[in-house]
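Thanks for sending this one over.

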Amino acid sequence: MPKHALRRVMTATIAAVGTLALGLTDATAHATPSLDYVALGDSYSAGSGVLPVDPTNLLCLRSTANYPHVIAATTGAQLRDVTCGTAQTGHFTRSQYPGVAPQVDALSTGTDLVTLTIGGNDNGTFINAITACGTAGVLSGGKGSPCKDRHGTSFDDEIEANTYPALKAALRSVRAEAPNARVAALGYPWIMPAAADPSCFLKLPIAAGDVPYLRGIQAHLNEVVERAAEETGVTFVDLSEVSEGHDACKAVGTRWIEPLLFGHSLVPVHPNALGERRMAEHTMKVLGLN
């Protein structure tokens with residue numbers, strides 16, 4: 001074959017191979033697009049107290065090692081994280097701080113995945129219950145159930161009357177702004193052990209009889225999150241089983257939640273880095289993302 005003819009054949013072959021390679025690359029990219037992922041929620045979603053802190057909004061005390069960032073790093077998702085410490089359900093549709101937009105403003109019809117943890121700050125449930133029972137525990141020397149005796153069903157009544165309908169409204173607002181997204185609402189991992197642990201009193205000064213009382217309040221909160229999720233077409237990520245034995249009374253390396261006193265976080269009674277990772281892992285398992 002003449003040299004000029006051979007060169008034409010080689011050039012055509014190289015061009016064909018290149019076109020085929022580009023086609024395969026395009027097909028692969030088209031087949032596995034990255035998820036458009038938006039993270040909403042309160043301090044349990046934000047990872048408040050876990051380092052490093054996201055410097056873009058210090059008011060929200062958001063960590064770049066929170067469970068949304070773990071999910072995004074594992075799946076390759078494109079994350080927009082608008083989680084914010086102390087957020088309530090109402091902050092999905094109204095500004096929490098000046099210059100901080102309502103959380104659902106981050107959503108769109110192109111959003112593929114939404115995760116959130118919300119409800120614990122409504123009525124001041126977490127902070128009020130922990131503060132009230134911690135104070136009562138110290139004053140009683142850890143004996144009896146002084147917090148339950150004083151507050152009775154008041155925390156549960158507020159959860160049912162106020163938090164539950166607020167959760168449904170918040171989740172409906174998410175569905176409305178991101179109609180094509182898969183939405184996952186996480187429950188809260190256990191803060192308290194199943195039974196009183198006398199060795200934990202210095203770290204979590206709750207009277208023995210109030211340990212099941214506080215745990216019952218958290219169980220009720222998780223139950224209304226689950227109920228609201230089911231009624232709005234949202235996936236509920238139940239953390240109760242996987243977080244059992246990882247409460248704030250456990251040792252470093254086992255606990256997912258830091259205790260009220262003598263913990264290793266600036267934000268007590270919140271997930272540590274291990275807790276955020278485990279929350280991410282279970283969420284991905286439930287959603288089939290791992």
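1. A definition to begin with: a polar contact here is a pair of N or O atoms within 3.5 Å, where, within protein, one atom must be able to donate a hydrogen and the other to accept it. Please also keep in mind that this is a predicted model. With that in hand, look at Thr 117 and Tyr 67, whose side chains are joined by a polar contact of 2.7 Å.

2. Let me stay with Thr 117 for a moment. Thr 117 sits in the loop that runs from strand E3 (113–116) to helix H4 (125–140). Is Thr 117 buried or exposed? Its relative accessible area is 0%, and buried means under 20%, so Thr 117 counts as buried. Setting aside neighbours within four places in sequence, the contacts of Thr 117 include Leu 40, Gly 41 and Asp 42, then Tyr 44 and Ser 45, and also Leu 186, Gly 187 and Tyr 188. Tyr 67, its polar partner, is on that contact list too.

3. Tyr 67 takes us to helix H3. The buried residues of H3 are Tyr 67, Pro 68, Val 70, Ile 71 and Ala 72. Which elements cover them? The cover includes E1, H2, strand E2 (78–81), E3, E4 and helix H8 (273–287). After H3 comes Gly 76, with a positive phi near 80°.

4. The loop between H2 and H3 deserves a look of its own. Pro 52 has its place in this loop, and the peptide bond joining Leu 51 and Pro 52 is cis, with omega about 0°. Leu 51 also belongs to a nonpolar surface patch with Val 53, Leu 58 and Leu 61, and together they have about 380 Å² of accessible area. Leu 61 lies in the loop between helix H2 (43–46) and helix H3 (67–75). The relative accessible area of Leu 61 is 33%, which makes it partly exposed.

5. Thr 86 has a positive phi, near 70°, and is found in the loop between E2 and E3. At 48% relative accessibility, Thr 86 is partly exposed. Phe 262 also has a positive phi, near 60°, and its place is in the loop between strand E5 (235–237) and H8. How does Phe 262 stand, buried or exposed? With a relative accessible area of 66%, Phe 262 is exposed.

6. Finally, the whole protein. There are eight helices and five strands, and along the sequence they follow the pattern α-β-α-α-β-β-α-α-α-β-α-β-α. Of the 290 residues, 48% are buried. Among contacts with a separation of 6 or more, 72% are between residues 24 or more positions apart. The accessible surface comes to about 13,500 Å², and carbon and sulfur atoms account for 60% of that.

Technical notes:
Residues numbered from 1 in each chain as written. Heavy atoms only, no water. Patch = residues over 30% accessible without salt bridge, like charges linked within 9 Å, V, L, I, M, F, W, Y side chains within 5 Å. Areas by Shrake-Rupley, 256 points an atom, 1.4 Å probe, with all protein chains shown as cover. Salt bridge = Lys/Arg side-chain N within 4 Å of Asp/Glu carboxyl O. Helix = DSSP H or I, 4+ residues; strand = E, 2+ residues; numbered from the N terminus. Buried < 20%, exposed > 50% of the residue type's maximum accessible area, 1.4 Å probe, protein only. Contact = heavy atoms within 4.5 Å.
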